[in-house]
Amino acid sequence: TFPVQFETDTETSHWLFNEKVVSGIINLTNSGSAASDTVVRINGPVTNPRIEHQPSGNIMSANIKLGSGHYVIFDMSTRQILIDGTDPQQSIINDRQWAAAQPGENQWLFSAEDNEEAGTLEVSFREAYL
């Protein structure tokens, strides 16, 4: 059964089901038999974001302060780093150790200089087979 209560001045809506992850780690499984290129997106606000992929140990990081509503994308298939959809000055990129999703378990560890909880990490890939 679902609650039948909508938001009022004194009650919050029970129709909104939220999930909040603050661990800084994304665990994903590549059920395919081959490595698959990933797209990693960091949404601001965040200062000097850093992502480490496990099991490879590869690191991707940028020396940048992203405000709310801004983002950086690390695209493994095109080997591009885009800030708000455009190619940034190369001087802001600290590490570009590209990391594909390996068959089996993968982890992406997300950290930043300011530890801003509003900054988020998104990782996507398609399973690949040989």
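Leaving aside its neighbours within four places in sequence, which residues is T47 in contact with? In this predicted model, T47 is in contact with I64, K65, A112, E113 and D114 once those neighbours are set aside. T47 itself lies in strand β3, which comprises residues 46-47. With one of the contacting residues, D114, a polar contact is formed between the two side chains, at 3.0 Å. The relative accessible area of T47 is 13%; because residues under 20% count as buried, T47 is classed as buried.

Strand β5, which spans residues 59-62, is covered on both of its faces.

Strand β4 (residues 50-54) pairs with β5 in the antiparallel sense, over 3 bridges. Within this pairing, M60 of β5 is the bridge partner of I51. The hairpin of β4 and β5 has 4 residues between the strands, and G57 in this hairpin takes a positive phi near 80°. Strand β9 (residues 93-96) also pairs with β5, again in the antiparallel sense and over 3 bridges. Here A62 stands opposite I93 of β9.

Definitions and conventions
Residues numbered from 1 in each chain as written. Predicted model: local features only at pLDDT ≥ 70, side-chain atom pairs only at ≥ 80, totals over all residues. Heavy atoms only, no water. Helix = DSSP H or I, 4+ residues; strand = E, 2+ residues; numbered from the N terminus. Buried < 20%, exposed > 50% of the residue type's maximum accessible area, 1.4 Å probe, protein only. Polar contact = N/O pair within 3.5 Å; in protein donor to acceptor, adjacent residues only side chain to side chain. Contact = heavy atoms within 4.5 Å. Pairing = 2+ DSSP bridges.
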